[in-house]
Amino acid sequence: MARPVGQLKDAASKYGDHKVKLEEFLNQFTSHGAALDEKWGSKKYKALLQRVANRLEKVVTVELDDLQQWDDLNGSQLVEALTTNTKRYMEHLLDACDAALPDPDEKMSTDDMTLDEELMRERRDRIRENAADVASKLPRELTRAYEL
């Protein structure tokens, strides 16, 4: 059944706020049951994104239970929005991952990189060094080294 126009406008008006909330979730969510990361402590997704930046992981898995726990504390209703409009919120989550992704640290692993990955990393590094405006012209889909 189609939703009334008013509900659609209300949902669309929350997109910007939800994008910010998703980035906050990735940056701030703490997991008290997991082992502490030496750099990020109990910040579960920040530690995961650091491993992605260091090429130790290739997949970012966001658990809906974690997002629900975040929703319960912050009243953001992200789980409901994500489950009712998954395609759009996957894009929002990818954008939030891009924004929250830290720079690689000294532990970056290049041992398992394929030639394509190494060339892409070198290309991204050259683009970052040469001109920030050129990097902004490349779609993020072409420069991401991870999946969601």
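These are my notebook entries on a predicted model of one protein chain.

**Ground rules**

I number residues from 1 along each chain as its sequence is written, and my side-chain values use heavy atoms, with hydrogens and water left out. Because the model is predicted, I need pLDDT of at least 70 for local features and count side-chain atom pairs only at pLDDT 80 or more, while totals for chains, interfaces and linings use all residues.

**Entry 1: the whole chain**

I looked up the secondary structure and found nine helices and zero strands. Helices here are DSSP runs of H or I with at least four residues, strands are runs of E with at least two, and both are numbered from the N terminus. Along the sequence I read the pattern α-α-α-α-α-α-α-α-α.

Next I looked up burial: 33% of the 148 residues count as buried. Buried means under 20% relative accessible area, exposed means over 50%, and partly exposed lies in between, with a 1.4 Å probe and protein chains only.

I then looked up contacts, meaning heavy atoms within 4.5 Å. Among those between residues at least 6 apart in sequence, 62% join residues at least 24 apart.

**Entry 2: helix 2**

Helix 2 covers residues 15–28, which is 14 residues. I took the expected span as 1.5 Å times one less than the number of residues. That gives 20 Å for helix 2, and its end C-alpha atoms are 20 Å apart, so the two agree.

I listed the buried residues of helix 2 as Tyr-15, His-18, Leu-22, Phe-25, Leu-26 and Asn-27. An α-helix has 3.6 residues a turn, so residues three or four places apart point the same way.

Asp-17 also lies in helix 2. Asp-17 counts as partly exposed because its relative accessibility is 44%.

**Entry 3: helix 2 against helix 6**

How do helix 2 and helix 6 pack? Helix 6 is residues 86–100, and the two pack at an angle of about 50° with their axes 9 Å apart. Axes are lines fitted to C-alpha atoms, for helices over the stretch in contact, and angles run from 0 to 180 degrees between N-to-C directions. The pair is therefore oblique, since angles under 35 degrees count as roughly parallel, over 145 as roughly antiparallel, 65 to 115 as roughly perpendicular and the rest as oblique.

From helix 2, the contact residues include Tyr-15, His-18, Lys-19 and Leu-22. From helix 6, they include Arg-88, Tyr-89, His-92 and Leu-93.

I checked His-92, in helix 6, on its own. With 7% relative accessibility, His-92 counts as buried. Not counting residues up to four places away in sequence, His-92 touches Tyr-15, Lys-19 and Leu-22.

**Entry 4: Gln-50**

Is Gln-50 buried or exposed? Gln-50 sits in helix 3, residues 44–53, and counts as buried at 5% relative accessibility. Leaving aside neighbours within four places in sequence, I found Gln-50 in contact with Lys-39, Trp-40, Pro-102, Asp-103, Pro-104 and Asp-105.

**Entry 5: two positive phi values**

I looked up Arg-55, in the loop between helix 3 and helix 4 (64–74). Its phi is near 65°, a positive value in a residue other than glycine. Arg-55 is buried, with a relative accessible area of 17%.

Gln-77 is in the loop between helix 4 and helix 5 (78–84). Its phi is near 55°, again positive in a residue other than glycine. Gln-77 is partly exposed, with a relative accessible area of 43%.
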